[in-house]
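Q: Could you take me through this structure one feature at a time, giving the general idea before the particular case?

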Amino acid sequence: MSHNGAQEIKQALGGKTVSDIFISMTNDIVDKILEQSLLYSRQQNQHTFIFSKEELLKFIGILLISGYHTLPREGIYWTRALDCNVEIVAQ
């Protein structure tokens, strides 16, 4: 990395917390995923496909929770049974 590149990064990130940087990076990544998903749907002739940033964030949240809180079967994440329910996913 050149000295100028390092300076640009230092200026852009200086004074920000780790969580500020993560949120900023995450927003950029989410925007790119959304953009590419919509592009792909148009390329596949799915012109009525609608996918919002809110829906994408919910989907990513479910993926994160299911990676952290594992259950033996996928369908159990949506069950209402008290012994294995993941309420935030069920909602």
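A: Let us begin with burial: a residue is called buried when its relative accessible area is under 20%, exposed when that value is over 50%, and partly exposed in between. In this predicted model, 13% of the 91 residues of the protein count as buried. The accessible surface of the protein comes to about 7600 Å², and 59% of that surface belongs to carbon and sulfur atoms.

Q: How many helices and strands does the protein have, and in what pattern do they follow one another?

A: The protein has four helices and zero strands, so that, by the DSSP runs used here, reading along the sequence gives the pattern α-α-α-α. As for contacts between residues with a separation of 6 or more, 16% of them are made by residues 24 or more positions apart.

Q: What should I know about confidence before I look at details?

A: Where pLDDT is low, the predicted coordinates should not be read in detail. Here the protein averages a pLDDT of 80, and 88% of the residues score at least 70. Among the elements, helix α2 has the highest mean pLDDT, at 86, whereas helix α4, residues 87-90, has the lowest, at 69.

Q: Is L56 buried or exposed, and which residues is it in contact with beyond its neighbours in sequence?

A: L56 is found in helix α3, which spans residues 53-68. L56 counts as buried because its relative accessibility is 3%, which lies under the 20% cut-off. Leaving aside neighbours within four places in sequence, L56 is in contact with V30, I33, L34 and F51. One further distance can be followed in the viewer: the C-alpha atoms of L56 and D31 are separated by 9.5 Å, although the two residues are 25 apart along the chain.

Q: Which residues form a nonpolar patch on the surface?

A: The patch is formed by F22, I23, M25, I29 and I33, which together have about 470 Å² of accessible area. Another member, F22, is found in helix α2, residues 18-43, and F22 counts as exposed because its relative accessibility is 51%.

Q: How should I read the salt bridges, and how many are there?

A: Side chains of opposite charge can pair when their charged atoms come close. With a cut-off of 4 Å between the nitrogen and the oxygen, the count comes to three salt bridges. In one of them, the side chains of K53 and D31 meet with 2.9 Å from N to O. This pair links distant parts of the chain, since K53 belongs to helix α3 and D31 to helix α2, 22 residues apart. K53 counts as partly exposed, at 31% relative accessibility, and D31 is also partly exposed, with a relative accessible area of 36%.

Q: How is an aromatic pair described, and how many does a search of the whole structure find?

A: A pair of aromatic rings is described by the distance of the centres and the angle of the planes. A search of the whole structure finds one such pair. F49 and F51 form this pair, which is tilted, with 5.7 Å centre to centre and 35° between the planes. F49 is partly exposed, with a relative accessible area of 39%, and F51 is partly exposed as well, at 21%.

Conventions. Residues numbered from 1 in each chain as written. Heavy atoms only, no water. Helix = DSSP H or I, 4+ residues; strand = E, 2+ residues; numbered from the N terminus. Buried < 20%, exposed > 50% of the residue type's maximum accessible area, 1.4 Å probe, protein only. Contact = heavy atoms within 4.5 Å. Areas by Shrake-Rupley, 256 points an atom, 1.4 Å probe, with all protein chains shown as cover. Patch = residues over 30% accessible without salt bridge, like charges linked within 9 Å, V, L, I, M, F, W, Y side chains within 5 Å. Phe/Tyr/Trp six-rings, centres within 6.5 Å; stacked < 30°, edge-to-face > 60°. pLDDT = per-residue confidence, 0-100.
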